[in-house]
Amino acid sequence: METAEEVNVSKRADVAAKGEAAIKPEFLTTKDKFHGLLDSEWQSSKREKASESDAVEDSKETSLEEPEPKRLKQNFEGRPDGKRLRGQNKSRPHTKPTAYDEKRLCHSIIQNKECPFGAKCFFDHDIVKYMDSKPSDIGETCHIYETFGKCAYGLSCRFAKAHTTPDFKSMEKADLVKVYEGRTMVKNNMSKELQGRLRKRSVSFEKSEKYLKTLSDNKDKGAQQGDGKTSEKAFIKNTSSDKQSALVKTVGPLTDADVIKLRPCEKKQVDFQDKLYLAPLTTCGNLPFRRVCKRFGADITCGEMAMCTNLLQGHQSEWALLRRHESEDVFGIQVEGSFPDTMTRCAELINNNTEVDFVDINSGCPIDLVYNKGGGCGLMTRTRKFERIVKGMNYVLDVPLTVKIRTGVQEKSNIAHKLIPEMKNWGVSMITLHGRSREQRYTKLADWDYITTCAKLASPIPLFGNGDILSYEDAMKAKETGVSGIMIARGALIKPWIFTEIKESRHWDISSSERLDILKDFSNFGLEHWGSDTRGVERTRTFLLEWLSFLCRYIPVGLLERVPQKINERPPYYMGRNYLETLMASQNVEDWIRISEMLLGPVPKNFEFLPKHKANSYK
């Protein structure tokens with residue numbers, strides 16, 4: 001006799017359930033059978049590994065059961081109501097990467113230098129003792145060593161055996177070291193000197209102060225001159241004309257450098273037309289992920305949203321969001337703020353201390369933390385303040401200024417069409433419009449008809465459309481609306497090869513092994529970026545797991561009854577064409593951890609993870 005769940009599967013074989021993707025009947029299954037297959041295959045693979053391993057290390061043998069610290073059910077078991085964790089990261093466990101290192105080797109020992117702290121040093125100096133307590137190596141080859149010829153993490157590297165002699169000396173490949181000598185792979189790192197000046201508030205903001213002085217003067221003269229708009233416009237007009245007329249006195253003959261050099265009034269130009277733009281994605285849009293997308297054909301990349309106040313205060317974690325890899329040929333920085341003074345100073349700080357092609361204002365962020373302070377979507381309803389921010393930033397920047405907005409704040413009250421004509425006069429170089437309101441979030445499809453209307457209003461300024469693009473067919477329909485380009489956000493997280501699909505106009509039935517290779521590339525990029533020691537490995541794992549919370553939503557083309565997959569269709573339970581494809585289809589966090597263990601070794605005993613974007617990922 002069939003169970004109720006099996007009956008539902010047979011019904012779905014005839015007609016796909018509402019909101020679910022249509023999958024070929026032979027691949028559909030039940031929840032119990034799906035998890036049963038994954039668990040049985042995983043246990044059998046662990047038995048094989050256990051039989052092949054040395055019988056000497058009995059204490060280190062892994063049991064057939066999953067270690068208790070891995071199971072996220074501990075996060076809500078024991079609560080009085082017995083409910084799962086829900087909502088916007090409520091009580092989300094946060095384990096610092098330092099918690100995974102019981103003992104850390106002193107950095108001076110790794111670099112073969114004398115420790116300046118001597119006996120007072122907090123870190124370990126006994127190499128033999130450290131190597132005995134250090135977790136076993138993850139693999140036999142070190143990606144950093146094989147790529148760059150040497151590993152900066154030395155003995156603390158989790159692949160140390162690949163580049164360490166029996167007497168604990170680090171090896172180098174002289175030919176590779178010479179290739180990368182003097183080459184800066186990652187730019188926009190904050191120097192200690194700049195951080196110190198920011199903390200002491202000794203950084204000079206001459207251009208910002210000049211602009212902000214006009215705002216304060218206008219405020220004082222507001223009673224006499226209306227709202228002060230006239231004098232503010234006159235200031236910007238006069239300063240630009242002064243720059244044009246300013247002549248630099250030189251001595252000697254005219255050289256090519258004098259001819260090629262741009263005048264101060266000339267901003268760097270960026271060709272935005274018909275480009276594929278990878279959206280700035282909080283948490284998941286990190287540098288290693290952007291490198292993956294660049295390989296698949298993304299034209300424009302942008303760093304994660306940075307808070308302007310944190311940048312001005314010299315927060316290392318915030319400045320890390322501005323880092324740019326050498327492969328990112330067109331790269332921008334996105335900042336968020338709600339006041340003209342902080343945003344203008346932040347723009348001048350970025351202009352003087354980083355290498356970027358454009359700066360973007362995030363006036364579309366829907367989260368309460370930002371909106372309640374007047375930032376993000378809040379700027380769309382505060383047009384006077386928004387105008388002053390845009391004009392101030394434009395005045396101090398030598399690169400184009402772009403803006404990202406939504407249709408509006410309320411669901412049925414679009415205001416973007418009123419803002420766009422005004423922004424054209426403010427000096428914006430490009431506008432990106434997400435076809436949803438703040439209240440709507442992702443409950444309904446993006447309004448591309450409204451984006452079409454706004455694209456006409458924005459002309460000749462380029463306007464990029466954003467929302468619900470998951471296939472090249474979606475992209476073709478979007479281009480028909482008259483937008484200058486397309487921004488891709490969730491679509492890139494679910495399938496980063498979407499850029500290749502769009503450029504080659506095809507559906508790519510990518511295999512599970514090819515997808516695993518993409519994850520390997522991400523892991524290697526993560527080890528380069530965050531480090532190959534225990535802290536770096538676990539940080540890489542955390543960001544990999546965050547990304548897997550999106551990747552699991554992808555349904556292989558060969559399994560679909562109707563191509564292409566739509567972004568708002570959730571995948572039902574289905575069996576893949578092999579075990580790995582089935583494992584990658586799991587929406588259970590424990591299965592994501594299994595995938596991470598294939599690439600980064602076993603998780604630490606005290607490891608905890610709750611995905612930021614998917615709080616219900618349990619069996």
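Mentor: The second largest cavity is lined by Leu 470, Ser 471, Lys 495, Glu 501, His 507, Tyr 554, Ile 555, Val 557, Leu 560, Val 563, Pro 564 and Gln 565; a cavity here is a set of points, on a 1 Å grid over the protein atoms alone, where a 1.4 Å probe fits but cannot get out, and a lining residue has an atom within 4 Å of a point. Please bear in mind that this is a predicted model, in which local features need pLDDT of at least 70 and side-chain atom pairs count only at pLDDT 80 or more, while totals for chains, interfaces and linings use all residues. Residues are numbered from 1 along each chain as its sequence is written, and side-chain values use heavy atoms, with hydrogens and water left out.

The space in this second largest cavity is about 80 Å³, the volume being that filled by probe spheres set on grid points that are joined across faces, edges and corners. Its lining divides into 7 nonpolar, 3 polar and 2 charged residues, where Ala, Val, Leu, Ile, Met, Phe, Trp, Tyr, Cys and Pro count as nonpolar, Asp, Glu, Lys and Arg as charged, and the others, Gly among them, as polar. Two neighbours in that lining, Val 563 and Pro 564, are joined by a cis peptide bond with omega near 5°. Pro 564 sits in the loop between helix H23 (534–551) and helix H24 (579–584); helices (H or I, at least four residues) and strands (E, at least two) are DSSP runs numbered from the N terminus. Another cis bond leads from Ser 459 to Pro 460, with omega near 10°, and Pro 460 belongs to the loop between helix H18 (448–458) and strand S10 (463–466).

Helix H22 (512–530), H23, H24 and helix H25 (589–600) each supply at least two of its lining residues, with the largest share, 3 residues, coming from H22.

Turning to charged pairs, the structure holds 31 salt bridges, each a side-chain nitrogen of Lys or Arg within 4 Å of a carboxyl oxygen of Asp or Glu. In one of them, Glu 328 and Arg 290 meet at 2.6 Å, N to O. This pair links distant parts of the chain, 38 residues apart, with Glu 328 in the loop between strand S5 (324–325) and strand S6 (331–336) and Arg 290 in helix H11 (residues 287–295). Both partners are buried, Glu 328 at 1% relative accessibility and Arg 290 at 2%; buried means under 20% relative accessible area, exposed over 50%, and partly exposed in between, with a 1.4 Å probe and protein chains only.

Glu 209 and Arg 345 form another salt bridge, their closest N and O atoms being 3.0 Å apart. Because Glu 209 lies in helix H8 (residues 206–220) and Arg 345 in helix H14 (residues 340–353), the pair ties together parts that are 136 residues apart in sequence. Here Glu 209 is partly exposed at 39%, and Arg 345 is partly exposed at 22%. Asp 39, Asp 591 and Arg 594 are linked in a salt-bridge network.

As for cysteines, a search of the whole structure finds 0 disulfides, a disulfide being a pair of cysteine sulfur atoms within 2.5 Å. Cys 106 is in none, since its nearest cysteine sulfur, that of Cys 121, is 3.8 Å away, and Cys 106 is buried at 5%. The sulfur of Cys 142, likewise, is 3.8 Å from that of Cys 157, its closest cysteine sulfur, which is too far for a bond, and Cys 142 is buried at 1%. An unreviewed UniProt entry annotates "domain: C3H1-type" over residues 100–128 and 141–166; such annotations may be inferred rather than shown by experiment, and their positions are given in the numbering used here, with feature names shortened. Over residues 141–166 the chain is 23% helix and 0% strand.

Definitions and conventions. 1 Å grid on protein atoms, 1.4 Å probe; cavity = no way out; pocket = protein on both sides within 12 Å on 5 of 7 lines; lining within 4 Å.
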